[in-house]
Amino acid sequence: MSTIRPLPDLLVNQIAAGEVVERPASALKELLENSVDAGAHAIAVELASGGAKLLKVTDDGCGIDRDELTLALARHATSKIATLEDLERVASLGFRGEALASIAAVSHLSLTSRTADARHAWRVEAHGGTLAPVQPAAAPTGTNVEVRDLYFNTPARRKFLRTEATELAHCDEVLRRAALARPDLAFTLQHNGRTLLRVRPEGALDRVRAVLGGELAAVLLHLDETSAGVRVSGFVAPPTASRAARDYQYFFVNGRHVRDRLLAHAVRQAFQDVLHHDRHPAYVLFLDIDPARVDVNVHPTKSEVRFRDPQAVHQLVFHALTRLLAGTRAGGVASAATVSGSDSRGPASAFAWSGPHQQPIGLPVREATAFYETLFASRASNAAPFPQERSEQAPPLGFALAQLAGVYVLAQNEQGLVIVDMHAAHERIMYEKLKNALEGSRVPTQQLLIPATLQVSALEAATVEESGETLALLGFEMASLSPTTIIVRAVPAPLQNADPASLARDVLGELAEFGASRVLTERRDEMLATMACHAAVRANRSLTTAEMNALLREMEATERSGQCNHGRPTWTQVSLAELDRMFLRGQ
Ligand code: ADP
Ligand code: MG
C-alpha cells in the first residue's frame, strides 16, 4: 500500500515554480510587479546571460521590515490581501504570495531591503529554498532582489532554457510591458553590462515613443472614452501605419498587461473594414475598470483576466475604436502627437457611426474557392451532398433553398424552415475536424505549393525555433529565416485554404504567450477555435446550392454542430406552425 503524506515545503515551492517561473522572463515579471506594488519611482534591472545566470531588480519602493524579510520568502505570505473580499477587488499586481518563495526554491536568491525609517538595510539569502540567517547590509531605502543560476537545482527545468538571445527577448518584452504600463516610473535595463533601455518618468505618449520608436509615435491617434464607469484610453496607429507583424499590440487592464481574446477581438473587429487582412494594427490601450468587475485570479501568472460583463467591455472597446477610425476615414483627426490629451473624437464620427458599414476589403480569389474545397475535398470519398442511401426520410437539416444577406443559408426540412449562420456552422465543422485529428494523434499536414514568408516579432521567431514539436502536432511546418522573418512550409490539412500567414501568426502568438504545454492542454480548445475561424467561410461569399447542401450534410455529420465555437447557435428552426401563426393561417 502506498502511504499518503504531505509534500515537503521545498517540493511544493518547486512545483509552484514550474507554473509561476516558467523562464527567467516570468521571474522578472514577478519582481517588477513587486517593485511597482511597493510604490517604487525608479526600477533598475540587470541581467546576465538572458537572465539565467543573473536577474537583479533594484527599486526605491517602501522596502520590507527586518522582521518580515524571511516571511516575504515564505509561500502564501503576502502583505497585499487578507480576505476573500480583498481578493475580489484586488488592485495590486501581486496577491498570491508565492512568487518570491517559488523563485527562491529554484535559485540562489538574495533579498536586501530597507524601509525609510530603518537605520540600515537587512539581507536574507536563500539557496535552493534553504534560508540563511538575516544579516545587516548597506543599501538605500528600497529593495534589491538578486536571482542567480535559475533552476540550478532542477535540471529538468533548466533543460527548457533556450538560447541567451531568446531568453533576453522574453525579458525585454516583459520590461517593455512594464514600462508602457507605468510611464510615471523610471526604468533601466542592462544586459551583460550593456544598457538596452533607459527611460525617465514622462507622459504616456513620450513613453510610447521611447519604447516603440518615434516613427510610430508621430502618427498615433489618441483615444479616451468612458462609458458606464469603464474607461478605455491610449494610442492606436491609423490604418496607414499598420504593421506587417503583430508585434506592437499592448492591452493593459488596471495597469496589468493582459493577453485577452475578447479585447483583441474587439480591436480586430473595429479595424476589419479598414485594414487588409495581412496587416496588423498597432496599439497601446488601457482599460480602467472597477477591480470588482474583473477577475485576475484566473491563472498563477495573472496574465489572463475574466470580465464579469464581457459583452459590455467588448462593446465599449469596439465602439470607441470604430468612432476613432471613422474620424481617420473622413480625413479628419490630427494625430496624438499634436492633440495629445484633447478629445480626439473625429468631427465626422457621429455620422460615420450611424451610417452604413463600409464594405469589407475584397477577398482574394483563393479564399473564394476555399470553402467549396474544404467541404467537397473530404466528401468525395465520403458522401455526396445529397443523401445517397435511399431512405424515406429527408435529412434533418433539409435541403437548401437560398442564401440570405450573404450570411444565412435558408433550407427546408420536414418541420419547416431552417436558418443557418454559414460562418458559424463552417467554423464548428472545422473545429471538430481539428479536434478529432489532434485527439487521434496529430493534425495531418498539407505542404504549401508556395511557402509563405512573413514578418514576425523577435519573440514569435524565437517561438518557431523552440516549439517545432508542438507546431508539428498542430500540423504546421515552419522555420525561422532571420530574427524577424519566418517561413511557413506546411499548414494543417483541414485549413489548407486559410491564409497561411495570419493563421501562423495567431498560433505563434498563442505559443509565445502561453508556452507549448499550456497551448496543448488547458488552452487547446481555444487555440483550435482560433485556427478554425481562419478557415471558415466569410460573410458575403455567395454559395451555390450544392455548396449549401454540402454544408448542411457536413453539419449533420459533425458532433455538436448546433453551436459554434463561441457558444453562439449555428442554426435555428422555424416550424411551419410558427409560420402559420405569423400569417394568421387557420385561426
Ligand atoms: P505577492 O506579491 O503576491 O504578495 P511575493 O512572493 O511576490 O507575493 O512577495 C511577498 C511579499 O514580499 C509581498 O507581499 C511584499 O510584502 C513583499 N515584497 C516583495 N517584493 C517587494 C519589494 N520589491 N518591495 C517591498 N516589498 C516587497
Ligand atoms: Mg509578487
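Tutor: A polar contact is a pair of N or O atoms within 3.5 Å; within protein, one must be able to donate a hydrogen and the other to accept it, and residues adjacent in sequence count only if both atoms are side-chain atoms. We're looking at a predicted model, where local features need pLDDT of at least 70, side-chain atom pairs count only at pLDDT 80 or more, and totals for chains, interfaces and linings use all residues. Residues are numbered from 1 along each chain as its sequence is written, chains are lettered from A and ligands numbered from 1 in the order in which they are written, and side-chain values use heavy atoms, leaving out hydrogens and water.

Student: OK, ligand 1 first. How many residues surround it?

Tutor: A residue makes the shell if one of its heavy atoms lies within 4 Å. The closest are Asn34, Thr78, Ser79, Lys80 and Gly97. By class, the shell has 7 nonpolar residues (Ala, Val, Leu, Ile, Met, Phe, Trp, Tyr, Cys and Pro), 4 charged (Asp, Glu, Lys and Arg) and 8 polar (the others, Gly among them). The number around ligand 1 is 19.

Student: Which side chain has an N or O atom 2.9 Å from a nitrogen atom of ligand 1?

Tutor: Asn34 sits 2.8 Å from the ligand, but there the ligand atom is an oxygen. Thr143 does face a ligand nitrogen, at 3.2 Å. The side chain you want is Asp59.

Student: How much of the accessible area of ligand 1 does the protein cover?

Tutor: On its own, ligand 1 has 530 Å² of accessible area, by the Shrake-Rupley method with a 1.4 Å probe.

Student: Which element gives the most to the lining of the second largest pocket?

Tutor: That pocket holds about 1200 Å³ of space. Of its 45 lining residues, the closest to the centre are Glu22, Arg23, Glu513, Phe514 and Gly515. Helix 1 (9-20), helix 2, helix 7 (164-181) and helix 18 (500-520) are among the elements that supply at least two lining residues. The top contributor, with 8 residues, is helix 18.

Student: Back to Glu98: is it buried or exposed?

Tutor: Glu98 is in the loop between helix 4 (84-88) and helix 5. Its side chain makes polar contacts with Arg75 at 3.5 Å and with Arg96 at 2.6 Å. Buried means under 20% relative accessible area, exposed over 50%, partly exposed in between (1.4 Å probe, protein chains only). Glu98 comes out at 7%, so it is buried.

Technical notes. 1 Å grid on protein atoms, 1.4 Å probe; cavity = no way out; pocket = protein on both sides within 12 Å on 5 of 7 lines; lining within 4 Å. Points joined across faces, edges and corners; volume = space filled by probe spheres on them. Helix = DSSP H or I, 4+ residues; strand = E, 2+ residues; numbered from the N terminus.
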